[in-house]
Amino acid sequence: MGIYSVSQQKIATQIEQKQIGKSKWKDWRWQLKHCVTRVDSFEALLGISLTPNEKRKIEMTMRKFPMAVTPYYLSLIDRDDFRNDPVFRQAFPDVRELEIEACDMADPLAEDQDSPVAGITHRYPDRVLFHVSNVCSMYCRHCTRKRKVGDMDSIPGREQIKAALEYIRAHQEVRDVLLSGGDPLMLNDDYLDWILTELRNIEHVQVIRIGTRMPVVLPYRITDNLIEMLKKHHPVWVNTHFNHPREITSSSREALRMLADAGIPLGNQTVLLAGINDCPRIMKSLVHKLVENRVRPYYLYQCDLSEGLSHFRTPVGKGVEIMESLIGHTSGFAVPTFVIDAPGGGGKIPVNPNYLISLSTNKVVLRNYEGVITTYQEPDRYENKFCDRKCDKCNLKLKLEDSQESAATGIEMLLSDYDNTISLTPADNERMERRDERG
Ligand SMILES: *Cc1c(COP(=O)(O)O)cnc(C)c1O
């Protein structure tokens, strides 16, 4: 899977104090065991050096928000211009994380307030967020759950998971369960298999989603064994988190290929980050690379108001500008939805450029991506149905069960074993009419 580059070999040799083979480097447990958590190891591995003053400040920052980077993700950093490198900026602490603005909040999305039992955030009517792990292989500097990073690095025990499952079981309206964390793929395959099996045993759970950054920061986590396990629990969807085209490598492509080949629909959530991807050209290249790898760009997030993220925030207008450069200019399925996750827990709110210029009772004035102004003539007659929710009287058919493709008709029906009809009789048959008269 993928290449084991010269710079990766150098990093591995420094970590182990001896040369190691490709298979060890590509062992996700080896990667986790050797996550880089100290400034001096970071410097040594990358062959860079910071000033003593810089180092002191970084160490101060790390006391509040710890650092962890997988050797793989670290190996993607361009040493020659590391300060502007998108991977470096997502992985390495910045003293500005300690600046707290008046608008900053520890839990801007009020996830803790919308939590009926430990591990569940139930905000929307029909779906829940299920935090199955408090750990990540890498601590993103822009993490919205920064408040939790490091202070309880643990996998919730079976008792806590069981209580959360019980909540889902008791709430028939939950048809979509989103495994989140931390990173759910920090769990070992057997533990995850158990959780997925329990979820699949709940009849009203139709869809399971997994939100993970493993394809980006530790693609070797996507193993054949994991794939075989996930396939047993379909429909399973996976959403990942690429922020920059440089995060797409031969190893991450391979991980995405394995997931897609397993029939798992893939989506991507990108966070708009100042100094990293706040550029229409970078974003366009990212979405193109994603769809090339069968990943559908799902959301583009405005950076949250979490504490320690102020230096990553852009004005909302930057996101609108990026959307303006994508919509119409490229394939519809390559365009994510730009959202602001409402502070206070209101959920995700889509924000788009305006395409509707004006409207009257029979005409709409629109503009397209090129700036062409056009009109749409509305229908002269439209009978608006009075709706009293008595659907059996309505000529729109609210029949939601699948159509019966196998229902045989005519002679086919008489020949079939599964239909009990024994004869076909024309509607105007006289003998039948006499029967009706008598009856
Ligand atoms: C994002 C989110 C979801 C899923 O929302 P979708 O728009 O369906 O992807 C569910 N619950 C919470 C709390 C969320 O933040």
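Is R431 buried, exposed or partly exposed? R431 counts as partly exposed, because its relative accessibility is 43%. For that scale, buried means under 20% relative accessible area, exposed means over 50%, and partly exposed is in between, with a 1.4 Å probe and protein chains only.

Before I go on, the sources. This is a predicted model, in which local features need pLDDT of at least 70 and side-chain atom pairs count only at pLDDT 80 or more, while totals for chains, interfaces and linings use all residues. Residues are numbered from 1 along each chain as its sequence is written, and side-chain values use heavy atoms, with hydrogens and water left out.

Now the whole chain. The protein chain has 16 helices and 12 strands; these are DSSP runs numbered from the N terminus, where a helix is H or I with at least four residues and a strand is E with at least two. The C-alpha trace spans about 105 × 55 × 40 Å along its principal axes. Of the 439 residues, 45% count as buried. Contact means heavy atoms within 4.5 Å. Among contacts with a separation of 6 or more, 73% are between residues 24 or more positions apart.

Next, charge. There are 58 positive and 61 negative side chains, and the centres of the two sets lie 4 Å apart. Lys and Arg count as positive, Asp and Glu as negative, and His and the chain ends are not counted. Each charge is placed at NZ of Lys, CZ of Arg, CG of Asp or CD of Glu.

Side chains of opposite charge can pair when their charged atoms come close. The rule for a salt bridge is a side-chain nitrogen of Lys or Arg within 4 Å of a carboxyl oxygen of Asp or Glu. By this rule the count is 25 salt bridges.

Take one of them. E97 forms a salt bridge with K146, and the closest N and O atoms are 3.1 Å apart. E97 lies in the loop between α7 (86-91) and β1 (120-121), and K146 in the loop between β2 (127-131) and α8 (158-170), so this pair ties together parts that are 49 residues apart in sequence. E97 and K146 are both buried.

A second case sits within a helix. E254 and R257 meet in a salt bridge at 2.9 Å, N to O. They are three residues apart in helix α12 (residues 250-261), so about one helical turn separates them. E254 is partly exposed at 22% relative accessible area, and R257 is partly exposed at 37%. E254, R257, D261 and R294 are linked in a network of salt bridges.

Back to where we began. R431 is in helix α16. R431, R434, R435 and R438 gather in a patch of positive charge on the surface. A patch is made of residues with over 30% relative accessible area and no salt bridge; like charges are joined within 9 Å, and nonpolar side chains (Val, Leu, Ile, Met, Phe, Trp, Tyr) within 5 Å. Accessible areas come from the Shrake-Rupley method with a 1.4 Å probe, and for residues only the protein chains shown count as cover.

There is a negative patch too: D428, E430, E433, D436 and E437 gather on the surface. E437 is found in helix α16, residues 430-438. E437 counts as exposed because its relative accessibility is 67%.
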